[in-house]
Amino acid sequence: MELVYLWVKKYKNIKNQGFNFSPRFKCTYNEDTSELTIEENKEYISVFPENINITAIVGENGSGKSSIIEEVLNQAWGTNKILVYKRTDIFNIVTPQKIEIVSSFKYIIKESFSEESYLYLNSDIFRWHNIIDMESYDNKHRYLSNIYIDKSIDKSIDNQIDKLDLGRFQQEIYKSIFKVFKEPIDLKFNFLPQKIVIAFDENKLERDNKSLSQYFNKLRKSYPKGTVSEIGGYQISKFVKEYFENQEEQFFILIDKEVIKIILYDDKERNIFHLSHGERKQFLDFVFVYENLKSINDDTLILLDEPDMGIHPEWNRKYINELLKLLSNFLEKNFHIIITSHSPFILSDLPKENIIFLKDGEQLYPDIDTFGANIHTLLSHGFFMENGLMGEFAKSKIEEIKKFYELVRKSEKVVNSHKKIKAIVYNIYKAYEKDFRNIQKIIGEPFLKTIIKNYLDELEILFDGKKEFLNNEIKRLQEVQKSSDD
């Protein structure tokens, strides 16, 4: 399944905007005539495998990236939008509006679309709507993000605030990891679990359930002794063979009922929570995608909301390549990946035709070739960093010097013709001269460092005279020469 086009009449800061997600086609919607045109882009050349399309949505915070994702996910709750999907050779046009289609392609019009072929990943737990009662708990499913949280909520029945059980949350994560790594897979993850360690809470076992009791007793009796520091437990392959095959239902029930808790360790005796935030996030993102794609038999639209958040630049640089490797395990399926991102590394892996540039809810078309571009080229483009590539604090310190210099030069005639004014300005300069010189010495960009030095030298000549300045320069150079001789 491929998302081809989205038109939004009004949602948050997006108004009367159409977005083309597939460079293989060009869609336009005329609201005045209610005509939707679908054309083939015969000039497009794909750089991705035949079964994969990738689209990135980029823009600064508040530009509307997540709003577009929400509009795609919440199609059943909106009446002022049009979505165009492509399945095999047929376009599915989802809209409750009466529209005319101008196209040579086959199409069908629907009022709603099945969500079974969606995979949505948003690791930001705070994006979830507040849960204050059962009604709000039910409503949150409109924005389901896939971070193993659903089964970790203590659901209230008396309109009290629901709680997130962090212990259960961790167990949901371990369950998903175990489901992926219970059998050997050809994937180069940054964390490869080798051992499973189990903790037991017999008090929570329901003894009237014989099959569960028997399985629990078998597990408990034969569980190898050992402290966590010695990483007792089973090799995962051995555990699966002896205690999991044909009994996986009992195993997961015991986890859900908190009769047992599991921890997975790699060969370095690390568990997933020993990893840095960025390592853990990338690992869990890929585990989630892999686990869910194995259970989906259909072509899939994969929505990744800021997957680069908190990830080291080197992993950002490899993200698209690693994602394509992961999807290569599913050659029989078709995928369309939509990524919201701030990362210039991710954009350098995509042609500009595969990127939707947003600013204040509107789509822009900057003149920039992204594919294969280095990050300096991308960042220096006004769309990405219109205020420059320097940190704001450093920029403000350098701007202070520049503004003082420009102010003095602009009023130079007045300063030179009034002794009192010159004395006042001179005293201000002397108060800041040491700080200005210290800032100039530590500027890292050579050209800028020279420019600022020239500014300060001109000010020194203006206030102390050219002769005094030259004497100071000679003295400074003599000290430099002496230190180099030593």
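Visitor: Is Asn16 buried, partly exposed or exposed, and what is its relative accessible area?

Guide: Start with the cut-offs. Buried means under 20% relative accessible area, exposed means over 50%, and partly exposed lies in between, using a 1.4 Å probe and protein chains only. Asn16 has a relative accessible area of 44%, so it is partly exposed. This is a predicted model, where local features need pLDDT of at least 70, side-chain atom pairs count only at pLDDT 80 or more, and totals for chains, interfaces and linings use all residues. Residues are numbered from 1 along each chain as its sequence is written, and side-chain values use heavy atoms, with hydrogens and water left out.

Visitor: Where does Asn16 lie?

Guide: In strand E2. Helices (H or I, at least four residues) and strands (E, at least two) are DSSP runs, numbered from the N terminus. The chain has 15 helices and 19 strands.

Visitor: What is the phi of Asn16?

Guide: Here is the general idea. Most residues other than glycine have a negative phi. Asn16 is not a glycine, yet its phi is positive, about 50°. Lys12 is not a glycine either, and its phi is positive at about 55°. Lys12 sits in the loop between strand E1 (2-11) and strand E2 (14-20).

Visitor: Which residues of helix H5 are buried?

Guide: First, the helix rule. An α-helix has 3.6 residues a turn, so residues three or four places apart point the same way. In helix H5 (residues 236-244), the buried residues are Ile236, Phe239, Val240, Tyr243 and Phe244. They span an arc of only 110° around the axis, so they lie on the same side of H5. That arc is taken from the directions from the helix axis to the C-beta atoms.

Visitor: Which exposed residues are on the face of H5 turned away from its buried side?

Guide: Ser237 and Lys241.

Visitor: What covers the buried residues of H5?

Guide: Look for contact, meaning heavy atoms within 4.5 Å. The cover includes helix H3 (166-181), strand E13 (195-200), H4, strand E14 (234-235), H6 and strand E15 (260-265).

Visitor: At what angle do H4 and H6 pack?

Guide: Axes are lines fitted to C-alpha atoms, for helices over the stretch in contact, and angles run from 0 to 180 degrees between N-to-C directions. Under 35 degrees counts as roughly parallel, over 145 as roughly antiparallel, 65 to 115 as roughly perpendicular and the rest as oblique. Helix H4 (residues 210-222) and helix H6 (residues 248-256) pack at about 90°, with axes 10 Å apart. So H4 is roughly perpendicular to H6.

Visitor: Which residues meet there?

Guide: Ser211, Leu212, Tyr215 and Phe216 in H4 meet Gln250, Phe251, Ile253 and Leu254 in H6. By class, this contact has 6 nonpolar, 2 polar and no charged residues. Ala, Val, Leu, Ile, Met, Phe, Trp, Tyr, Cys and Pro count as nonpolar, Asp, Glu, Lys and Arg as charged, and the others, Gly among them, as polar.

Visitor: What is the order of strands in the open sheet of 3 strands?

Guide: Two strands pair if DSSP finds at least two bridges between them. The order is E3-E4-E8, with mixed pairing. Strand E3 (25-30) and strand E8 (100-102) are the edge strands, each pairing on one side only. E3 and strand E4 (residues 35-40) pair in the antiparallel sense over 6 bridges.
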